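Here is a short tour for anyone meeting this protein for the first time. Take a look at the sequence and the 3D view, then read on.

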Amino acid sequence: MVSDGGQAPKKAKRRAAAEGSSNVFSMFDQTQIQEFKEAFTVIDQNRDGIIDKEDLRDTFAAMGRLNVKNEELDAMMKEASGPINFTVFLTMFGEKLKGADPEDVITGAFKVLDPEGKGSIKKQFLEELLTTQCDRFSQEEIKNMWAAFPPDVGGNVDYKNICYVITHGDAKDQE
C-alpha cells in the first residue's frame with residue numbers, strides 16, 4: 001500500500017504534465033493550429049523543428065530587416081523556457097493571447113513590421129508579405145484590401161485603422 005501511495009503521485013504528476021502540454025492544443029481550433037504551424041515553418045528557416053536564434057535572424061532578414069542586434073534576439077529567445085519546438089511555440093502564443101484584446105494582438109503583429117513605431121507601413125512591403133508568405137493573398141484580395149484601405153500619397157498604409165476595422169467593423173457597414 002505504501003508503494004502504491006508512492007506511485008500515485010508520480011502518475012498524477014505525469015498525467016498533469018501530459019494534460020498541460022496537450023491542453024495548449026485545446027485553446028485553439030484546428031484552423032488556428034494549422035496557421036500557427038505554417039508560421040512556425042516560416043520561422044524555422046533551417047527546418048530542424050526547433051526555432052533558434054539563427055532562425056530568427058534569417059526570418060528578420062527575409063522580411064528585409066538586416067543587422068538585428070544579438071541582444072534583441074537573445075531577449076526573444078529568453079521568452080521561452082527552453083528549446084522552441086511547435087508545442088512550446090503554440091504555448092507561448094496561448095499565454096500571450098490569454099486575456100488579450102484582439103485589437104491589441106493584431107496591432108502588436110503589425111508593430112513587428114514597424115520598428116520605428118510610425119503607425120504605418122509601406123504598401124509595397126505589406127503587399128509583398130501578403131502575397132509571398134503563409135496563407136497568400138490572391139491579386140483579387142489585394143485589390144479589395146487597397147480599395148478598403150487605400151494607402152496615402154507616400155505609399156503608407158495606416159495599419160491601426162486596418163486593426164480597428166477588423167475588430168470593430170467599418171462604420172459604413174453599420175449604417
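## Before we start

A quick word on terms: a contact means heavy atoms within 4.5 Å. This is a predicted model, where local features need pLDDT of at least 70, side-chain atom pairs count only at pLDDT 80 or more, and totals for chains, interfaces and linings use all residues. Residues are numbered from 1 along each chain as its sequence is written, and side-chain values use heavy atoms, with hydrogens and water left out.

## The overall layout

The protein chain has 9 helices and 2 strands; these are DSSP runs numbered from the N terminus, with helices being H or I of at least four residues and strands E of at least two. Following the sequence, you pass through α-α-α-α-α-α-β-α-α-β-α.

Of the 175 residues in the protein chain, 23% are buried. Buried here means under 20% relative accessible area, exposed means over 50%, and partly exposed is in between (1.4 Å probe, protein chains only). The protein chain's accessible surface is about 11,900 Å², with 54% of that belonging to carbon and sulfur atoms; the areas come from the Shrake-Rupley method with a 1.4 Å probe, and for residues, only the protein chains shown count as cover. Among contacts in the protein chain with a separation of 6 or more, 55% are between residues 24 or more positions apart.

Asp44 sits in the loop between α2 (30-43) and α3 (53-62). Which residues does Asp44 touch, not counting those up to four places away in sequence? They are Gly49, Ile50, Ile51 and Asp55.

Asp44 is buried but has no salt bridge, a term for a side-chain nitrogen of Lys or Arg within 4 Å of a carboxyl oxygen of Asp or Glu. For charges, Lys and Arg count as positive and Asp and Glu as negative, while His and the chain ends are not counted. The nearest side chain of opposite charge to Asp44 is Arg47, 5.7 Å away. Arg47 also lies in the loop between α2 and α3, and it counts as exposed because its relative accessibility is 52%.

## Salt bridges

Side chains of opposite charge can pair when their charged atoms come close. The structure holds 4 salt bridges. One of them links Arg57 and Glu54, with the closest N and O atoms 3.5 Å apart. These two are 3 residues apart in helix α3, so about one helical turn separates them. Arg57 is partly exposed at 24% relative accessible area, and Glu54 is partly exposed at 42%.

Lys123 and Glu127 meet in a salt bridge too (4.0 Å, N to O). Their spacing is 4 residues in helix α7 (residues 123-132), so they are also about one helical turn apart. Arg65 and Glu72 form another salt bridge, at 2.8 Å from N to O.

Asp29, Glu35, Asp135, Glu140 and Glu141 gather in a patch of negative charge on the surface. Such patches are made of residues with over 30% relative accessible area and no salt bridge, with like charges joined within 9 Å; the place of a charge is CG of Asp or CD of Glu. Glu140 belongs to helix α8 (residues 139-148) and is partly exposed, at 45% relative accessibility.

Most residues other than glycine have a negative phi. Arg47 has a positive phi, near 55°, and Asn67 has a positive phi near 60°. Asn67 lies in the loop between α3 and α4 (70-78) and is exposed at 77% relative accessible area.

Notes:
Patch = residues over 30% accessible without salt bridge, like charges linked within 9 Å, V, L, I, M, F, W, Y side chains within 5 Å.
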